[in-house]
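Good morning. I will take a few minutes to walk through one structure, part by part.

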Amino acid sequence: MRTETGSAPASSALGAKFLRTRALSEALVRPLSDADATIQSMDDASPAKWHLAHTTWFFETFVLRDHVPGYALHDDRWPFLFNSYYEAEGQRHARPRRGMLSRPSLDEVLAYRAYVDAALADVLPDLPPAAQALVLLGCNHEEQHQELLLTDILHHFSVNPLEPAVWQGAPKVPVAMPGPVGWIEGRAGLVQVGVPSDSTFSFDCEGPRHQALLTPHAIADRTVTNGEWAAFIADGGYRDPRHWLSDGWAWVKSEGIEAPLYWRRDGDVWTRFGLDGRRPVDPAAPVTHVSFFEADAYASWAGARLPSEFEWEAAASAFDPASGNQLDAAGPVEPRPSTGGPAFFGDVWEWTGSAFRPYPGFRPVEGAVGEYNGKFMSGQFVLRGSSCATPRGHSRASYRNFFYPHQRWQFTGVRLAKDL
Ligand SMILES: [Fe+2]
């Protein structure tokens, strides 16, 4: 591997980010057996082993194969296995059958990672700017998969009656319940939204920067807590169709939904399953694993509404996107009670009332990576912020996460807004 001494400052920083990103993924799977890393508990979730290989395929395909003459694929049968959804890259293994891939083994996938890492580290300082930009995209792509890897492991383990803990959590220290929500009066009129031109990295869907019109409104200074959510349940919130969108009510009825995902009533107390196993629900912590449908129903019950993504962005721009409870290293991750003061990053992604659609002037980039976001701009809602499973430094005020309105296996929560 080439040392970073003597390489251009930009590629040195990029090389450090590449190594740091690759190392964190492997640290996250260290507690897992080959079997743990192979199973797939639902179509939406992928095996940990698949995440490790797919993120490697991304670098191998779009950087090494396309920009390094003479690079030899690690195994020319594997792109079929580890291409996710890139039509331009041809046929691929069906997503719901990723859990059937007992071969290659976890060790073989880790060897694939080492092969690609060595090849890329060797050429990185000499790559043209366009290829270095793809390495940076690959690092940010892998950070997204680190969060998915954690939420997918959580789901895989949740369907095991033994409910194993991936990591032992720290003893819980009782924390005072947060006070009532404080309301921050938002900016009204025309505001600038979208990624600023001086940002070092952004995904294509975060731009172009443009103007948006905000009407008078206020936004909550914190997210909804488990204790507040328990009051919604106790008040019959899941049984009252007046609070629910028609599609949401149909989902609640057909799926028998009566609490956030991973919650269970044990006697008189609610417990929840997390990466540290099953524990009592902490009433002071932010509620998580709720769908857009649930978030919208809660807001209706609370006499409020969800913020628009631009109301959220206008308020959050004053806050440090690297602050709050986010992922720093392998270990238990879970939302934690607020330690005071308004916060817009960390703990839980926040559902907005905004559809995931292109901004004015949006154009997907040329080539296969143009499939990254644009083709998913149908039927999904935007979430803002970051969660306890988001690698710190990954998100920013303009970041647009997105999921379908019924999905809730991510660390998803709720912030309220209201008209003034
Ligand atoms: Fe991906």
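This is a predicted model: local features need pLDDT of at least 70, side-chain atom pairs count only at pLDDT 80 or more; totals for chains, interfaces and linings use all residues.

Start with the layout. The chain is divided into domain 1, residues 2–158, and domain 2, residues 183–419. Taken over C-alpha atoms, the centres of domain 1 and domain 2 are separated by 27 Å. How many residues of domain 1 are in contact with domain 2? There are 31 of them, and they meet 30 residues of domain 2. For the interface itself, the figure to look at is area. The size of an interface is often given as the accessible area lost when the parts come together. Here the area buried between domain 1 and domain 2 is about 2,600 Å², with 69% of it given by carbon and sulfur atoms. Of the area that domain 1 buries against domain 2, 25% is supplied by Tyr85, Glu147 and Leu154, more than any other three residues.

Now the metal site. Which residues coordinate the iron ion? They are His54, His141 and His145, each through NE2, at 2.2 Å. The spacing of these donor residues in sequence is H-x86-H-x3-H. Histidine 54 sits in helix H3, residues 48–67, while histidine 141 sits in helix H6, residues 129–158, so the pair ties together parts that are 87 residues apart in sequence. Are histidine 54 and histidine 141 buried or exposed? Both are buried.

Next, the core. The largest nonpolar core has 98 residues, and the ones that touch the most other members are Phe82, Val135, Trp229 and Trp244. Where does this core lie? Domain 1 and domain 2 both give residues to it, so the core lies between them. Take tryptophan 229 as an example. Leaving aside neighbours within four places in sequence, tryptophan 229 has contacts that include Tyr238, Pro260, Trp263, Tyr298 and Val414.

On to the cysteines. A disulfide is a covalent bond between the sulfur atoms of two cysteines. How many disulfides does a search of the whole structure find? The count is zero. For cysteine 205, the closest cysteine sulfur is in cysteine 139, and because 18 Å lie between the two sulfurs, they are too far apart for a bond. Cysteine 205 is buried, at a relative accessible area of 2%. Cysteine 388 is buried as well, at 1%.

Aspartate 204 touches Phe362, Pro364 and Asn373, not counting residues up to four places away in sequence. Aspartate 204 and tyrosine 399 are 195 residues apart in sequence, yet their C-alpha atoms are 10 Å apart in space.

E2 and E3 come up again with helix H10, residues 309–316. Eight of the eight residues of H10 are buried, so this helix is largely enclosed by the rest of the structure. Among the elements that the buried residues of H10 pack against are E2, E3 and strand E8 (349–355).

Last, arginine 278, which lies in strand E7, residues 277–280. Arginine 278 is partly exposed, with a relative accessible area of 24%. Its contacts, again leaving aside neighbours within four places in sequence, include Glu163, Tyr262, Trp263 and Asp266.

That is the end of the tour.

Conventions:
Residues are numbered from 1 along each chain as its sequence is written. Side-chain values use heavy atoms; hydrogens and water are left out. Donors are N, O and S atoms within 2.8 Å of the metal (3.2 Å for Na, K and Ca); water is not among the atoms, so sites may look incomplete. Helices (H or I, at least four residues) and strands (E, at least two) are DSSP runs, numbered from the N terminus. Buried means under 20% relative accessible area, exposed over 50%, partly exposed in between (1.4 Å probe, protein chains only). A nonpolar core is a set of buried Ala, Val, Leu, Ile, Met, Phe, Trp, Tyr and Cys residues joined through side-chain atoms within 4.5 Å. Domain bounds come from an automatic or database domain assignment. Contact means heavy atoms within 4.5 Å. A disulfide is a pair of cysteine sulfur atoms within 2.5 Å. Buried area is the accessible area (1.4 Å probe) that two parts lose on being put together, summed over both.
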